[in-house]
Structures are given as C-alpha cells and as structure tokens.
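This report goes through selected features of one protein model. Please have the sequence and the structure open while reading.

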Amino acid sequence: AEAVGLYNLGQSCCLNSLLQVFLMNIRFTRILRRITVPPSPAQRRSNVPYQMLLLLEKMQYGKCKAVGPRELACCLSEHRVKLFVQHDAAQLFLTLWNLLKKQMKKPELVEELSDLYTICIQEHLACQKCSFEIKSNSTMLTLPLPVLDANSHRLKTLEDCLQYFFHPEELTGLNMCFCQQCGRKTTFLQSMKLVHLPRTLTLHLKRFCFERSSHTHKLSHSLPFPQELDFREVLKENQCQADDSEKATWKYELFAVVAHSGSTSCGHYCAYIRSLTEGKWYCFNDSEVCQVSWDDVKCTYGHSNLHWRETAYLLFYMKKHPW
C-alpha cells in the first residue's frame, strides 16, 4: 500500500514525478521525519520540508489511491516556483533540493541530506608545456551527461556517456589558458576526476538540445542504461581521485527513472521507481500507479524515429552496500 498517486494540479506532472522519487527513497524520508516542526501556522505553510512531510503522511496513512499535493504546491509558489507551467525536471530537482536544504534547520540533517545526494569532482588543469597545474574540488547534485560527443555523434550507452564526461580535453587555440610558470598562454589539458559518490546518485541525460535559433529539440535516440552500475569498471584509473575504500562503495543499483514523453514545448513526465521494501517496479503517472516490469522500464531507453516517445531524462542510482 505504499504506492500512492498524486493528482495533477495542472501541468504538475514534473513536480509529481520528482516528489515520488524523493518520498519513495527510504533514506530521504528518514531524514525528513526528523525535521523541526515550524512554530507558527504561517511558517508551517511556507516550509517545504514540513509540507513534504505532511504529504508523505497523507500518502502513507490515507485510504486513497491518490492524494493532491496542493498545500505543497502553494508553499513552493511562495518560493517563486511557478505553478501551471512546463518545468524541466533537472532544474526543478535542483530547486526543490536547494529549498529543502535551506529550510532544514538542524545542521546534522543538512549534512545528512548533502551526504545522501552530493557528488564530489576534482577539476584538473595541467599545462602541456611545463609542470604547472591547478586542482579544485567542487560538489554537484547531478552529473549532467552529454548524449552526443563533440562531433555530434550519438553516444551508444550510459557507460559511454560517463566515460565521455570524464574524458580529458585539450584546450588549444582560442581556449588556451594563461600559465603562470610559462608566463604566456599555453595549451592545457582539462580533466574531471571523480572524488566521491553519494548514496543516491543522480544522472541527468542532456537530451534537450538548444539550437542557435533558440529552438529546443529533444534527442530521443536509444541509450541503454544498466540495472547495475560499477564505476570502477566504467572509469579508468586516471579518471578517479579516490582511495580504494571509497571506490569499493561505487557499486550501484538503479532505483528510479524520470522519463519525458512528448515534445519540448508540450511534454509529460512520469516516474518509474523500484520499491526499496519489495523490490518491485512501479510506474507513477500522476494519480495512476501501476506495477511494471523491467522490460517496461527499458522502454524509456529511447527510439530515434519516434521523438514523442518516452525517454529517460533523470536516472537515480542507489549504492548497493552503503557502509
């Protein structure tokens, strides 16, 4: 009885899909249940974590097959999240996450939320003429993965996209950088190295392509993704900046897929989520929830000739043995 739908309030399919992915994640709801309840009614109305908790309780203890997320939607609109418009799932995910983090008052909960979702990457710039290099660590909520390479060729699998994301790039010509040691602009090698992966890892397939004519189109070619993903097998040694104990935790299992169907201007989102308690897959399509098979989930791999067909847009992987 844990799979409960969410009514569409008018173009709220994107929000509904993301809420289901958050609320079906037991590790997230464990954090959510420990928040401080804001003292005044006005504060409670505008507090995103608290409104999310109320929605979770309504979903878990109600007898309905679907509930309406109205109070949460009103709360989000107070924080400049527009209602009744088309949202981009990757952007809305970041917005929701930032609001959650900002409004969870207890520092230990904020830290747990960060540990659960944030990725740490090291950016590495090395002069190709001398030994000068610059390293800087940064955190990301999602890995934004290109689905085409620099020559606009389609990347064939999710593993290819990951490989490509961490592939070093030569900065030459107009992209040359100033080297402090050489005292002039030189060719640099720019690379990303993986430092740390969170318990819930979010991958963003960059299927929306912005043309110069400001027209966006969707890249819907087939891109398979695995149920199990081990980063030690995908990435080369020089693409990682982590010790063996960190790398030993890099085994993942697919937990959820947020899929987009339709065109960029007129589309629909739904979520496929594997129940962590039963291990079964469900499709959450607003108020409709049904059990599905892995073959149904694989239908979101994409298909080049059918642009309106459903294609995976966000992938959520969960660590297999979180220690």
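At the start of α6, which backbone nitrogen does a side-chain oxygen of Asp88 reach?

## Helix α6

The nitrogen is that of Ala90: a side-chain oxygen of Asp88 comes to within 3.0 Å of this backbone atom at the start of α6. The model is predicted, and the distance is taken from its atoms.

Helix α6 covers residues 89-103, which is 15 residues. At 1.5 Å a residue the helix should span 21 Å, and because its end C-alpha atoms lie 21 Å apart, the two values agree. An α-helix has 3.6 residues a turn, so residues three or four places apart point the same way.

Strand β10 is made up of residues 200-206. Six of its seven residues are buried, each with under 20% relative accessible area, so the strand is largely enclosed by the rest of the structure.

β10 pairs with β5 in the parallel sense, over five bridges. Within this pairing, Pro146 has Lys206 of β10 as its bridge partner. β10 is also joined by five bridges to β18 (residues 311-319), and these two strands run antiparallel. Here His204 is bridged to Leu314 of β18.

## The second largest pocket

The second largest pocket holds about 360 Å³ of space. Its lining consists of 13 residues, and those nearest the pocket centre are Tyr164, Phe165, His167, Glu169 and Gln190. Two or more lining residues come from each of β5 (142-146), α8 (158-165) and β9 (188-196). The largest share, three residues, is given by β9.

By residue class, the lining divides into seven nonpolar, three polar and three charged residues. β5, one of the elements that contribute to this lining, is also the strand that pairs in parallel with β10.

Strand β16 (residues 281-285) includes Asn285. It is joined to β17 (residues 288-292) by five bridges, and the two strands run antiparallel. Asn285 has Glu288 of β17 as its bridge partner. Two residues lie between the strands of this hairpin, and Asp286 takes a positive phi near 55°.

Asn285 and His124 are 161 residues apart along the chain, and their C-alpha atoms are separated by 42 Å.

## Positive phi in two loops

Most residues other than glycine have a negative phi. Gln11, which is not a glycine, has a positive phi of about 55°. Gln11 is located in the loop between β1 (5-6) and α1 (13-23). With a relative accessible area of 41%, Gln11 is partly exposed.

Arg80 is another residue other than glycine with a positive phi, in this case near 65°. Arg80 sits in the loop between α5 (70-78) and α6. Arg80 counts as exposed because its relative accessibility is 78%, and the class begins over 50%.

Definitions and conventions. Residues are numbered from 1 along each chain as its sequence is written. This is a predicted model: local features need pLDDT of at least 70, side-chain atom pairs count only at pLDDT 80 or more; totals for chains, interfaces and linings use all residues. Side-chain values use heavy atoms; hydrogens and water are left out. On a 1 Å grid over the protein atoms alone, a cavity is a set of points where a 1.4 Å probe fits but cannot get out, and a pocket is an open set with protein on both sides within 12 Å along at least five of seven lines; lining residues have an atom within 4 Å of a point. Grid points are joined across faces, edges and corners, and a volume is the space filled by probe spheres set on the points. Helices (H or I, at least four residues) and strands (E, at least two) are DSSP runs, numbered from the N terminus. Ala, Val, Leu, Ile, Met, Phe, Trp, Tyr, Cys and Pro count as nonpolar, Asp, Glu, Lys and Arg as charged, and the others, Gly among them, as polar. The expected span of a helix is 1.5 Å times one less than its number of residues. A polar contact is a pair of N or O atoms within 3.5 Å; within protein, one must be able to donate a hydrogen and the other to accept it, and residues adjacent in sequence count only if both atoms are side-chain atoms. Buried means under 20% relative accessible area, exposed over 50%, partly exposed in between (1.4 Å probe, protein chains only). Two strands pair if DSSP finds at least two bridges between them.
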